[in-house]
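Thanks for coming, everyone. Please take a moment with the sequence and the model before I start.

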Amino acid sequence: AADSARRARGAAWRSFFPAPADVTPDYWSYCRWRAGHRLCSTMLTNFATQALLQAVGVGARRSLPAAAGINWLLKDGLGRLGRLSAATRFGESFDSDLKRFRFATSLLFTASVGLELATPRFPAKFLALAAAANVGKSVGLTTYISTQPSFGQSFALRGNLADITAKAQAQQMVVDTAGLALCVAVLRRGAAAAARAGGGPPR
């Protein structure tokens with residue numbers, strides 16, 4: 001039984017992490033920080049999506065599906081334009097200072113999620129707030145995709161960049177799933193508390 005458990009742990013480790021001899025020592029601290037960042041980012045993104053849906057009237061007694069759909073499409077379209085602009089204008093600059101660009105755009109991404117969370121408070125400004133937020137998030141995503149291979153390469157010791165990239169995707173899926181589960185738990189607790197306060201059954 002002990003041998004089976006040890007083999008299972010070894011198989012799980014190999015599924016999500018490269019061999020210790022194949023990466024630099026700072027890879028492990030990078031993984032811990034990245035997992036924490038991704039967990040918070042996933043939860044914030046899910047909360048922000050709920051806020052956006054609330055702002056356009058989804059779930060309300062009187063919603064305007066057509067207008068909501070148009071606003072949503074415009075928001076996404078403007079976001080794509082922002083992503084295109086970042087990729088074409090700053091692409092050559094990313095290599096000059098990877099950490100600075102990554103950190104700055106992480107702050108931009110967080111501020112953009114904050115704008116999305118604010119949309120229910122200002123539904124009349126939905127398009128402006130959501131479009132600005134989507135542009136910021138798109139710029140952050142472009143920077144992440146553009147700089148991630150260089151970060152991975154810095155940890156690779158034996159030409160194993162593809163393995164490190166694949167393991168990073170596996171780690172990301174686990175953390176994203178955990179973030180989604182925590183988000184659902186928080187929302188369900190909030191809905192139950194609101195139902196108790198209103199005297200109705202929780203949904």
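**A kink, some bridges and a cluster**

Let's start with helix H5. There is a kink of about 35° at Thr 147, shortly before the proline Pro 149. The bend at a residue is the angle between axes fitted to the seven residues ending there and the seven starting there. Helices here are DSSP runs (H or I, at least four residues), numbered from the N terminus.

A word on where this comes from. This is a predicted model, where local features need pLDDT of at least 70 and side-chain atom pairs count only at pLDDT 80 or more, while totals for chains, interfaces and linings use all residues. Residues are numbered from 1 along each chain as its sequence is written, and side-chain values use heavy atoms, with hydrogens and water left out.

Next, salt bridges. A salt bridge is a side-chain nitrogen of Lys or Arg within 4 Å of a carboxyl oxygen of Asp or Glu. How many does the structure hold? Five.

One of them joins Glu 116 and Lys 137, with the closest N and O atoms 3.3 Å apart. Glu 116 sits in helix H4 (residues 98–118) and Lys 137 in helix H5 (residues 126–155), so this pair ties together parts 21 residues apart in sequence. Are these two residues buried or exposed? Both Glu 116 and Lys 137 are buried. Buried means under 20% relative accessible area, exposed over 50%, and partly exposed in between, using a 1.4 Å probe and protein chains only.

Another bridge links Asp 3 and Arg 6, at 2.2 Å from N to O. They are three residues apart in helix H1 (residues 2–16), so about one helical turn separates them. Asp 3 is partly exposed at 43%. Arg 6 is partly exposed too, at 47%.

Then take Lys 167 and Asp 163, with closest N and O atoms 2.4 Å apart. Both lie in helix H6 (residues 161–198), four residues apart, about one turn. Lys 167 is buried at 11%, whereas Asp 163 is partly exposed at 27%.

Now the aromatics. The whole structure has seven aromatic pairs. In the pair of Tyr 27 and Phe 155, the ring centres are 5.5 Å apart and the planes are at 75°, so it is edge-to-face. Tyr 27 lies in helix H2 (residues 27–55) and Phe 155 in helix H5, so the pair ties together parts 128 residues apart in sequence. Rings of Phe, Tyr and Trp (its six-membered ring) pair if their centres lie within 6.5 Å; planes under 30 degrees apart are stacked, over 60 edge-to-face, the rest tilted. Tyr 27 is buried at 2%, and Phe 155 is buried at 5%. One aromatic cluster is formed by Trp 13, Phe 17, Tyr 27, Trp 28, Tyr 30, Phe 151 and Phe 155.

Thr 42 is in helix H2 and is buried, at 12%. Which residues does Thr 42 contact, leaving aside neighbours within four places in sequence? Asp 176, Gly 179 and Leu 180. Contact means heavy atoms within 4.5 Å. Leu 182, in helix H6, is partly exposed at 40%. Not counting residues up to four places away in sequence, Leu 182 touches Leu 39 and Met 43.

Note on methods: Helix = DSSP H or I, 4+ residues; strand = E, 2+ residues; numbered from the N terminus.
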